[in-house]
Amino acid sequence: MPLRSRPARVRSERTRPRAREALGVPVPPAWLAQLAVRARNLLGRGHARTAPPFLLVLERLFGLIDNKALTIAVELGIPDALRGGPRRGDALAQAVGADPDALDRLLRYLVSRDLLGVTTDGRYRTSAVFDLLRTDHPWSFRDWVLFLGGDWHWQIWNQATHSIRTGESAAVAATGHTFFDYVNVVDPAAGAAFNGAMAVGSRMQGLLVLEAYDFAGVQRLCDVGGGTGAILADVLTTYPRMRGVLVDLPALEAAARALLARRGVADRADYDAGNFFEAVPPGCDLYTLYAIIHDWDDASCVRILGTIARAMPAHAKVLVIEAPLPTDTGASLTKGFDLEMLILTGAGRERTVAEYRRLFGRAGLRLRRTIPLPSLFCIFELTRSGGAT
């Protein structure tokens, strides 16, 4: 393989966001994040084993109140209303158009759940959580609340028994449409919340990948299923001699080109509007898939990965970024998202590392190494079976 020039890397922190800015806290090493999760699980198990069974049942059932309490607060605009400083409940009620007593009871509950703060004189104050839910926060998680707490999402989950009985999508049973058709075609508000949540979540993961993986030597990168291009823009900003191509649906092309132009990388980024089941641009040095594989069943995943394997040169690599399903019995967000994938799509699922390895092999790809991330996601670095490494 001929020697390749190494794209210069931009060192200035002003050129792109850092993972710490996106997460709002210092980013721990992956091993420490894993240790923290295990410690929290031990504490949780200690509580579960000492609580009376009836109390544990009620506590788990009351999880719906956390969901709806946060959703109502976001829908009313409470995080924005507290931006200027602490306020009394009656003043907040007037500002957002709510009943003072009812709102006070909602806010009191949120304080009890460590989601909102209160001053010694009884005024409600913002918190790190509520700051993250403001409309003007650069890394707002507001869309995640509107997605997971939206009435349309609850309507789908009301048909969850159908999924458990049949293995099929509850979204189809509830709406008559596949999940992706529903959010992208049928319900614009649902689509805005879902796609906004996916965009901010994927970009956060992208920043962690950018800090954990050395892209030096990559002259042309292909982001498969890259949405509107936020992750690609961050990579191209960091490596100013690199070129990139974004592969996604035709409906996203205008938004993607606009974002790439705003970020100042449009002259080095192309958009390939098409179907990644059928073709991806050939000849790239690196292909990336951020949280794409878990949307599909095994046969569909093999088709996507096989399409990439046929297009990539012998020296090229593939990065699959997913959250591996833990094999222990501890609590895990990934286990929750695995159920979410079942309910929404029927076909999508989270997988263990061993299951991913088998999937990659069926597509003609070899798992070269794994790189754990502090988010508990993982970078799977792949090469073509028998290809150069």
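In this predicted model, in which local features need a pLDDT of at least 70 and side-chain atom pairs count only at pLDDT 80 or more, while totals for chains, interfaces and linings use all residues, the structure holds 19 aromatic pairs. Rings of Phe, Tyr and Trp (its six-membered ring) were taken to pair if their centres lie within 6.5 Å, with planes under 30 degrees apart counted as stacked, over 60 as edge-to-face and the rest as tilted. Residues are numbered from 1 along each chain as its sequence is written, and side-chain values use heavy atoms, with hydrogens and water left out.

Phe179 and Phe180 form an edge-to-face pair, with 5.3 Å from centre to centre and 70° between the planes. Phe179 is buried at a relative accessible area of 2%, whereas Phe180 is partly exposed at 26%; here buried means under 20% relative accessible area, exposed over 50%, and partly exposed in between (1.4 Å probe, protein chains only). Phe276 and Trp296 form another edge-to-face pair, at 6.5 Å centre to centre and 90° between the planes. This pair links distant parts of the chain, 20 residues apart, with Phe276 in the loop between E5 and strand E6 (286-290) and Trp296 in the loop between E6 and helix H17 (298-311); helices (H or I, at least four residues) and strands (E, at least two) are DSSP runs numbered from the N terminus. Ring pairs also link a cluster that includes Phe147, Trp152, Phe179, Phe194 and Trp296.

When residues up to four places away in sequence are not counted, Phe179 touches Phe147, Trp152, Ile156, Ala171, Phe194 and Leu344, a contact being heavy atoms within 4.5 Å.

By contrast, Asp136 and Arg83, whose closest N and O atoms are 3.1 Å apart, are partly exposed, with relative accessible areas of 40% for Asp136 and 48% for Arg83. These two residues belong to a network of salt bridges that links Asp80, Arg83, Asp131, Arg134 and Asp136. In total, the structure holds 15 salt bridges.

An open sheet of 7 strands has the order E5-E4-E3-E6-E7-E9-E8, with mixed pairing, where two strands pair if DSSP finds at least two bridges between them. Its edge strands, E5 (269-273) and E8 (365-372), each pair on one side only. Within the sheet, 5 bridges join strand E3 (residues 220-224) to strand E4 (residues 243-248), and these strands run parallel; Cys222 stands opposite Val245 in E4.

Notes:
Salt bridge = Lys/Arg side-chain N within 4 Å of Asp/Glu carboxyl O.
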